[in-house]
Structure formats: C-alpha cells, structure tokens
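Here is a short briefing on a two-chain model. Keep the sequence and the structure at hand while reading.

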Amino acid sequence: MNTTHKPLVYVVEDSLSSGALYCSQLQKAGFDTQHFVDGYSALVAIKAKMPAVLVQDVCLPDISGLEVLKYVNKQEVAAKVIIITSNSSIDVAVDAMRLGGYDFIEKPFTSERLITSVTNAIKQQNQDLKTVEVEPTATSLDRINFIGESLSMHTVFRLLESAARSKASVFVTGESGTGKEVCALGLHQASAREQGPFIAINCAAIPAELFESEFFGHVKGAFSGALTDRKGAVEVANGGTLFLDEICEMQLNLQAKLLRFLQTGTFCKVGSSEVLQSDVRIVCATNRNPAEEVGEGRFREDLYYRLNVIPVVLPALRERGEDILLLAHHILKAKTTENNKQFENFSDEVKQTFMQYDWPGNIRELQNVIENIVVIYDGQSVQPDMLPSNFGHNVVNQAQYSPHNQMAQTNISTMASTPLRSQASTPEQSSAPNNIIQLWIVEKNAIEDAISQCGGNIPLAAAYLGISASTIYRKMKSWAEN
Amino acid sequence: MSNATEITACPIMQLSTLNTLETDLGSDTYQHLLSLFEQELTELHAQLHIAAEQHQFQDINNATHILKNTAALYGADRLSACAASVYQLKSNQPYIAQTQQLIGIINETLTQYKAHINSIAE
C-alpha cells in the first residue's frame, strides 16, 4: 500500500469540466484534489478539513471567491490560496492578493503554470508550518535584516511580513539610499524561495538595445556579438526572485514584453521562437512616483497594476526620527569592527547634528559619513570635528529635533533642501580662495575620467567608482539640465 | 471585440489542444473529461436558449463567462472566441442576435465533439 502523504488541494471553479481538468492535471502531478463548483460547498469542506492549497476562482455563482479567501485567512492554520481569474477581473485579483492570496493565475493558463504555482504554495506552506513548530515566536520578519523602531517602519515591516508569505509582486518605492535593494533581498530570504537565486537588475544601467537580451537571454547568432547561447536574468532567476531596480527607466516596448512574461510565465530568448518557462517572484523598485509615471505615459498602466500588488513605501531617513541614531550606532559598530578601531558611541553634539540633518542621500549617506570617520580617525567617541568638512552646514533641516537651538532653526529655514550646486557656490560668494574647485565639478571630472578609462562603459566605470550606474545616469542628467 | 471573420477563422475543434490533453493525462481521463465537457456544453446551451428567449442579460453573461474559458481549455476555439465576444457586450447593446449566433456555434461544437468522443470510444 502506498502510504505517501499527498498534499490536499481544493479546486473551487464553477465550470464542471474546467474544474475537473485542473484536478486531473494536479492529480497527475502528485496532489490529492477535490473540486467544488460553488463557494458554500467549498466553505463547508474547508471547515471540515483545511487543505494545503486552495485554487480559487474569483467569480463564483453564489459568493465571491474573496469571501472564501477571507474566511480561510481567519483560520489558525490557513491554506495557501491561489486565485484564478480572467482578464476582466484583474482588479479583483489584485484585491485578493492584498487580502493575503498567495498567487494569481490568469485564465487561460497552462497546466505547467498551475502545477508550478501549487508546488510553490506547498513549499511555502511547509516552511510556514516549520517556522511555527520550531520557533513559535519567530516571524519571517526576523529574517529580514532591517533596523527601525519608528511607526513608519513598523508599517513597512507588517507589509514585508505578509509579502514574504506570498508570491505576489512587490513594488518598493522610496528615495535613493533608503534601502530598496536590502528590502528586496530581505523578502527573498524570508520567503520559500530562499534557496533559489536572487537576481538583481538595474533597469537604468542596461543600454536599451541590450535589455531584451539581458532579460530573456539570446541564442548564438541572434545579433552581431552573440557568439554563444546566453541565459537571461529571467531564466537564471527561475525558482527565485528577480529584483528590477529603477523599473521606471525601462522602455515602453520592453515593458510590454515584461508584462507578457508576467501574464504567462513564458518567454522566448532573442533570436529563438522556442517558448521557455520560468517561475520567478518579481520585486521592483523606483525612486520616482510610479503613479505619476503612468499618468505621464512613461509607464504602462497595466504593468503598473500587475507589479503594484503589494506596494511598500520606504520612508526617507529624515522621516524616521530616532531610527537615525539607531542606524548610526549599528553602522558605527559594524564599521568599527571592519576597520579594527575602538569607536563606541557618538558625542551628544554629533547626535544632535545627525538628528537635525536632512539626509538627502538617506541611509547610504549615513553609512558613508560614518565609514569616513571610522577610517580616518581614532578614538572611542565620534566628535563634531571628525565630521566631514562639508557635512551639516548647508542642508541642515528638521527644526523639530532642535527645540533649544534658536540659531540652528534660523539657519534651517533659510537653507533647507538647498541643491548641491547652489550649496557649493555659497563659499565662492564670500571670500573663498580661487583655487578651490567646487565639489560637483571634482565629482563630474572623476566620473567622466572613469567612463573614459572604461571605454565609455558606464556600468564598468560605476563598478570601479564604487557607485551604481544609475547614480552616474542621474548625475549626467542633472549636469545636462544645468 | 472579435469580429465575425475572426471568430469564423478559429477552428471548431483544435486537435493539437486535445492531443496535448490526451498525452498529458492518459486516454481514460481524457475520455472522461471530454464527456464532462459535452455534458456542460449541453447544459449551457439550454440555459442560453432560455436566457435569449427571455432577454435575461445577466444569465447570458454568467453562461458566457464560463464558456469563454472552458471552451478554450478543451480546444473549442471558435466557441471560446464567440463567447468572449458576447461576454464583452453591455446590456444596452443588441446582444440577442450574437447570443443566437453563439447558440449555433455551440450546436456545431457539440456535433463535432460527440463525433470525436464516439470515434475514440470505438
């Protein structure tokens, strides 16, 4: 007798023959199934026995599939719910994901798509159960390496925790340096895809003509220079997470191809008509306002809704209150250990300066400032004179953090959020020596020199400079605008 | 919306879809599923017939919602295209004529599928 335990899958689909077909395909793949043609029958069965996975049509003849989903998610050990829907009810599917659905599949779909989704849901279910058994108080969030006590970060943590348990696309927005990639990596590590690859692509850093090949791969001879077959990011990320940074920089024609991949889970390499399949979880990020990009016609609305299933907005560092010091201490400890120094804390003055500063570069800037101090100086406590000479003089902000410092408040009101270039021009207007070159010009020269030395290859130059290519593109744009 | 020419260009029975089903699931399951499809088509045909006679837009909408996806799964491409076309109509549009056309296509589909089921059962 075969005693192997097969995971139980309920299929809730109002079409008799479609439901029977899905069940047959799942049985063939090794699952036990039961088919229900309406919501109430499914609810009764769920009460009697919770399945591992529920494959759920949204449009049912009696009650909405969303009601079934809500009921399931109220139970102590809830099934993973995969929503199946037609094009016409895509908005409902997005709502379903926000209510805690695990995945959604658009009709008509292939048996492979169905089986992959159910298999992943089972994996996630097993991982969740294991977590509950082994660490009753631990949550997936504990595995996301994020530091923060502020209210805004608590909201982020809650969202990330829900997102980690599903396969839903996550759209991370926030200013540069707020930790969007850390957030994506954290999500990957906290999900059932943890053992799979995490592939990050910066959409701004890849030249438009190479994007399709980078994304989907190419076959030998597809274009001049395609000397061998090459796998693209989508194929390499199979079973894992694909992080698309600066997604709003993607060209419209490529957005259409990405949308097709998201809808079908299939793609073709450049130069090939063979249809390949890949199961990836998409996490994307931008420092723009995606809704505004849609309004301006630079980003496809349908793709936006596909990707924006779970929106995560990372707050700017200046909005995180005491988190600034929490992060500063954490970074100081890490950099001190890395550099074999003895720093232990910050002086009160430095703390106050940190709290008052606007942090336009966010956590990345905080890291750089602290690393700079730790590398250059020695001591136990970080003192104001150790701060970089250009730090905190021009873009000091956040009057609320300096209630006793009237002088600072006066400066704040006149200088807050001053752009870098006009800041740099301030000393020039006074009596500064003529041989001091403005910082932005030094930076521009350094970047242009690096690009030139790398034969015009911006991503390579960025790698040597220790910054992201997108930073170079942004700076080039700002030079051009000015 | 698909126009009439596009709908007619679709095959009534897409054999490649059916072959894939049979290969993937085996002959017995395949035959069982086809008979379920035939049974469901017969029921939906009757529902649509009554709904068209009584101008019951919502009933037509419910039936076409099922038909457009189910027919595609079983390779009844022309039926799926026509059902999708009727499903997109609004209640203030003339939907009865198109529903009648859909009922005609269900008849043709049923004829071909019954013949196919008989041929594989022999």
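The model is predicted.

**Helix pair in chain A**

- Helix α13 (residues 323-338) of chain A packs against helix α15 (residues 362-376) of chain A at an angle of about 45 degrees.
- The axes of these two helices lie 9 Å apart.
- The crossing of α13(A) past α15(A) is right-handed.
- From α13(A), the contact uses L327(A), A328(A), I331(A), L332(A), K335(A) and T336(A).
- α15(A) meets them with I363(A), L366(A), Q367(A), I370(A), E371(A) and V374(A).
- By type, the residues of this contact split into 8 nonpolar, 2 polar and 2 charged.

**Strand β13 of chain A**

- Strand β13 (residues 281-286) of chain A has 6 of its 6 residues buried, so the rest of the structure largely encloses it.
- R281(A), V283(A) and A285(A) point one way from β13(A).
- I282(A), C284(A) and T286(A) point the other way, and both sets are buried.
- Strand β6 (residues 170-173) of chain A runs parallel to β13(A), joined to it by 4 bridges.
- Strand β10 (residues 241-245) of chain A also runs parallel to β13(A), again with 4 bridges.
- C284(A) is the bridge partner of F171(A), and C284(A) is also the bridge partner of L244(A).

**Helix α5 of chain B**

- In helix α5 (residues 77-87) of chain B, 10 of the 11 residues are buried, so this helix is largely enclosed by the rest of the structure.
- The buried residues are R78(B), L79(B), S80(B), A81(B), C82(B), A83(B), A84(B), S85(B), V86(B) and Y87(B).
- These buried residues pack against three helices of chain B: α1 (4-9), α4 (57-73) and α6 (96-121).

**Contact between chains A and B**

- Chain A gives 14 residues to the contact, and chain B gives 14 residues.
- On the side of chain A, helix α1 (residues 16-28) of chain A supplies the largest share, 7 residues.
- The residues on the side of chain A that touches chain B comprise 5 nonpolar, 6 polar and 3 charged.

Note on methods
Residues are numbered from 1 along each chain as its sequence is written. Chains are lettered from A and ligands numbered from 1 in the order in which they are written. This is a predicted model: local features need pLDDT of at least 70, side-chain atom pairs count only at pLDDT 80 or more; totals for chains, interfaces and linings use all residues. Two residues are in contact if their C-beta atoms, placed from the backbone, lie within 7 Å. Ala, Val, Leu, Ile, Met, Phe, Trp, Tyr, Cys and Pro count as nonpolar, Asp, Glu, Lys and Arg as charged, and the others, Gly among them, as polar. A residue is buried if 20 or more other C-beta atoms lie within 10 Å of its own, exposed if 12 or fewer, and partly exposed in between; C-beta atoms are placed from the backbone. Two strands pair if DSSP finds at least two bridges between them. Axes are lines fitted to C-alpha atoms, for helices over the stretch in contact, and angles run from 0 to 180 degrees between N-to-C directions. A crossing is left-handed if the near helix is turned anticlockwise from the far one by less than a right angle, and right-handed if clockwise.
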